[in-house]
Amino acid sequence: MKEMPDILWLEEIRKEDIAAVGGKGASLGEMSAIGLPVPRAFVVTSHAFRRFLIESGIEKTLFAGLANLDVEDSGELEKAANRAKELVMKARVPASLKQKVKEAYQQMDGGRMVVAVRSSATAEDLPDASFAGQQETYLNVKGEKNLLLAMQKCWASLYGARAIYYRAKQGFDHQSVNIAVVVQQLVNSEKAGVMFTSHPVTGEPLSIIEGSWGLGEAVVSGSVSPDKYVYDQRSGKVIDRLIANKRYKIVSDGDHGTKTVEIRRDQQDAPLLSDDEVRKLATFGKIAETHYGVPQDVEWAVVGNEIYILQSRPITTIKTIAAASPTHDAGSSKILLQGQGASPGIASGEVVIIRDVKDSGRVKEGDILVTQMTNPDMVPAMRKVAAIITDEGGMTCHAAIVSRELGTPAIVGTKTATQVLKTGQTVTVDGEKGFVYEGRLEVPREKTKATVAAAAPLITATSVKVNVSMPEAAARAAATGADGVGLLRIEHLILGLNKTPGWFIANNREEEFIQELYNGIKTVLDAFYGKPVWVRTLDAPTDEFRNMAGGENEPVEHNPMLGWRGIRRDLQSPDQFRLQVETFKRLWDQGYDNLGIMFPMVSHPSEFTRAREMMRGWGVDVEAATLGVMIEIPSSAILVEDFIRAGIRFASFGTNDLVQYTLAIDRNNEHVAGMYQPKHPAVLALIDSAIRCCREHGVEISICGQAGSEPPMVKWLVEHGITSVSANIDAIAKIRETVARTEQQILLESARSRNA
Ligand code: PEP
Ligand code: MG
């Protein structure tokens, strides 16, 4: 590599400079070079990153840790990724490099500018497009210290598990992959949106512009209906205008990320853009299209009289799809199947039917995985696919939980997917509505992925926490700005290793088990630094262990859901419990006092007391530790006061189980899914009385079952006094909004009744 500077300003960059500044940096440089108004930016080059690796002395250790790694072994992969990231985060950035970054930042409004810090990965001699989206971006960064931290985090994200997996699969040598960091003025737009520089289906010279008030993410995420303008480049006229009712906008919220606010009444129905603005935007679009030679999909923003172009990329894929199947939009396409939409997003791909886990090697990147029901040992395959469809299951089954965390669209409980669909067939999956369509549909770009809420847009009195099962989801979970983790299911950390806890014990591999658990939990604790994280002790039914090493020693139960799981198993298997407690102890000793422990499937206070006494016996200061229970069995709701007397510090409704045990409805059985009702009066009565009791005693009462991700239920819970709610990653934004709205309503009503 020829010597290059540590810092390059956009004006100094051309598209050939990919090796120095990555794809993102090069394309921004190119855009500014052709005269598009790109927000100001500089790039910390890949050379600077290399220099950091060498001068900090971590290079050898870092790459040795990645050599000969079996990336299909998700436990190993996660471990190696954590080690590598930690190495990068702990290493010292050379002083001279720090100085250069600070000096460059000083030149942006005297070091006061709010910037976005984006990773821009690159491989020597290779276009980068394939790395897009695998490394991190940090928005709203202000101040030298935060900037340097965000830069180092971007570097570390080059060694995320997904990125490592992807590179290994694509045959990239980790050493040849570099990363640059783009530091760019964050445009606090008054209005923003997207533009197609030509008609995306017919290719006619029409610029199609969509936009709304506030930040562009409202339009990109599809959370508002935007205005739409069509500009005919031949006549130079706006030929169509659709002015939407725009009630909300997303705006920056200082250090807290973004927030959603209501738009002033007089602006709601006002046209967003003047004809002059539409014309200017269309002109910029044309410049980009002419330069790149293909129609572009452009993101734009307006502040005062300034128009900014934020991004430009080809829309050729949409054209190809449309040309191949011109009638395929959801309106006219054949619906092949329906099930429960379990994880939002739309994806198309080829079906691969997996009848036995042993065949999951056949699954390729981008396929649609179709199976009776997923199992923990299928997770490596689930990571690769574009969408997941199952015959069985409901919103709380394994496939649903894991898909939501991976951000992969999923439909569960279709009953017949494995019979109706054929391997090799092309389908489109709508994981929100629960439909499987024939063929490849034209999909609005913003709908292709589940969008995660931006950090903390609303402050609520009721804490809104997030559920996590896999450490790789920790960063996405933290990015929602959630107030903590209300449930960390640790089964997934262990089951991913494909060995039962009993196997580790029988083979004298206890330390390995502890390490795995330790690393996984620590990743989540680190992502939620200073916020409470409730880790739940093991709760896997025996049938989930069956296919793993050691699974042959698991008892065969007629009814595993009602069987040897949760705290009852730990109490009878002291070794298994001891290893978990040893892990927690090490974390507490490391100073992670945000760690709380929650016991699952408790039915009597004596189980809590016995578990606590065992912990005391193993040296835990149980008086200082935050210990609580799940309320999943009617008996524990009924006896909650006795639990409080026994010393629980918190309780959390596991409604997934509480509903099934109250109503005798198997949560994973699609035939009775229609009768599975979290708002059944009997369930609500149990919840109501337990909330009252906890409130009377000042004990935190929360929910971590799926019902906590459903707005009508959450409204009811807040009205009935719940003190915190823990939702799935994809539901945080709407749950936070529901909580805020309900709290406001309560305040309003009490003010009204006072004045009446
Ligand atoms: C529950 O029962 O609601 C719960 C959160 O636990 P799980 O889904 O893991 O059984
Ligand atoms: Mg449960």
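1. A residue is called buried when its relative accessible area is under 20%, exposed when over 50%, and partly exposed in between, using a 1.4 Å probe and protein chains only. Helices (H or I, at least four residues) and strands (E, at least two) are DSSP runs, numbered from the N terminus. In these terms strand 5 (residues 177-185) is mostly covered, with eight of its nine residues buried.

2. The model is a predicted one: local features need pLDDT of at least 70, side-chain atom pairs count only at pLDDT 80 or more, and totals for chains, interfaces and linings use all residues. Residues are numbered from 1 along each chain as its sequence is written, chains are lettered from A and ligands numbered from 1 in the order in which they are written, and side-chain values use heavy atoms, with hydrogens and water left out.

3. Two strands are said to pair if DSSP finds at least two bridges between them. Strand 5 has such a partner in strand 2 (residues 41-44), and the two run in the antiparallel sense over four bridges. Within this pair, Phe42 stands opposite Val183 of strand 5.

4. An open sheet is built from eight strands in the order 14-21-20-16-17-18-19-15, with mixed pairing. Its edges are strand 14 (335-338) and strand 15 (340-343), each of which pairs on one side only. Strand 18 (residues 387-390) and strand 19 (residues 410-412) pair in the parallel sense over two bridges, and Ile389 is placed opposite Ile411 in strand 19.

5. Contact here means heavy atoms within 4.5 Å. Axes are lines fitted to C-alpha atoms, for helices over the stretch in contact, and angles run from 0 to 180 degrees between N-to-C directions. Helix 13 (residues 398-406) lies across strands 15, 18 and 19, and runs at about 45° to strand 15.

6. How do helix 4 and helix 7 cross? The axes of helix 4 (residues 74-90) and helix 7 (residues 161-170) come within 9 Å and cross at roughly 115°. That makes helix 4 roughly perpendicular to helix 7; angles under 35 degrees count as roughly parallel, over 145 as roughly antiparallel, 65 to 115 as roughly perpendicular and the rest as oblique. Leu77, Glu78 and Ala81 in helix 4 meet Ala161, Ile164 and Tyr165 in helix 7.

7. The axes of helix 18 (residues 510-527) and helix 21 (residues 574-589) also come within 9 Å, crossing at roughly 45°. These two helices are therefore oblique to each other. Among the residues that meet are Phe513, Ile514 and Leu517 in helix 18, and Leu579, Phe584 and Leu587 in helix 21.

8. Arg569 belongs to helix 20 (residues 566-572). Is its side buried or exposed? Arg569 is buried, with a relative accessible area of 8%. Leaving aside neighbours within four places in sequence, Arg569 is in contact with Thr542, Phe545, Glu554, Trp564 and Gln576.

9. Most residues other than glycine have a negative phi. Lys415, although not a glycine, has a positive phi of about 70°; Lys415 sits in the loop between strand 19 and helix 14 (417-420) and is partly exposed, at 43% relative accessible area. Met601 likewise has a positive phi, near 60°. Met601 is in the loop between strand 25 (595-599) and helix 22 (605-617), and is buried, with a relative accessible area of 1%.
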